[in-house]
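Here is a short briefing on one protein model. Look over the sequence and the 3D view, then work through the points below.

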Amino acid sequence: MSEFTIHTLESAPEASKEAVEASIKGNGFLPGLHGVMAEAPGLLEGYQVLHKLFTESSFNAEELTVVWQTINVEHACHYCVPAHTGIAHMMKVDPALTEALRNQEAMPTEKLQVLHETTLAMTRNRGFLTQEEITRFFEAGYAQRQLLEIVLGLSQKVMSNYTNHLAETPVDSVFEKFAWQSK
């Protein structure tokens, strides 16, 4: 069992209090992930900034979900898969898409399938893609901007997935109904 502290607003280091307050205001509660990250103020702040920037990227709600969940599942993040399932529901993403991602099944459209495969290749190969993979991505209707935005999403997910692996962060009660285990 992990010995990591899951901070509250009261226990968080002074340098994290503003970010913790922002998290509570934005989520209605303090997610366990943010409570753990509060121990390292720069990590929590950086994560929040990357999350904001990625949600403001050119990807729509389905595409954001594909990138996030592809990485979460590949990294076997017991915390982020259920959390992003709940987030996808809040974003009105078709539950069939979310279930396909959770279960490593085919995407409902060719364009989303290419986004999934490209994200998976970038995750597995540490950013190295073949020319064929890049060409297929562009032929699916994406551009350089979206390829680089996958890097942004991947950066955010490395921060959260790795933190959760280290801390064994318990799934927040609001997301427990979406519990998930890697295959």
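Is S16 buried or exposed? S16 is buried, because its relative accessible area is 0%, and buried means under 20%. Keep in mind that this is a predicted model.

**S16 and its surroundings**
- S16 sits in the segment before helix 1.
- Leaving aside residues up to four places away in sequence, S16 touches A38, A40, P41 and L44.

- E21 belongs to helix 1, which covers residues 17-27.
- E21 has a relative accessible area of 45%, so E21 counts as partly exposed, the class between buried at under 20% and exposed at over 50%.

**T85 in helix 5**
- T85 lies in helix 5, which covers residues 80-90.
- T85 is buried, because its relative accessible area is 0%.
- Which residues does T85 touch, not counting residues up to four places away in sequence? They are Q69, T98, R102 and F178.
- T85 and F4 are 81 residues apart in sequence. From C-alpha to C-alpha, T85 and F4 are 25 Å apart in space.

**To recap**
- S16 is buried, and T85 is buried, whereas E21 is partly exposed.

Methods: Residues are numbered from 1 along each chain as its sequence is written. This is a predicted model: local features need pLDDT of at least 70, side-chain atom pairs count only at pLDDT 80 or more; totals for chains, interfaces and linings use all residues. Side-chain values use heavy atoms; hydrogens and water are left out. Helices (H or I, at least four residues) and strands (E, at least two) are DSSP runs, numbered from the N terminus. Buried means under 20% relative accessible area, exposed over 50%, partly exposed in between (1.4 Å probe, protein chains only). Contact means heavy atoms within 4.5 Å.
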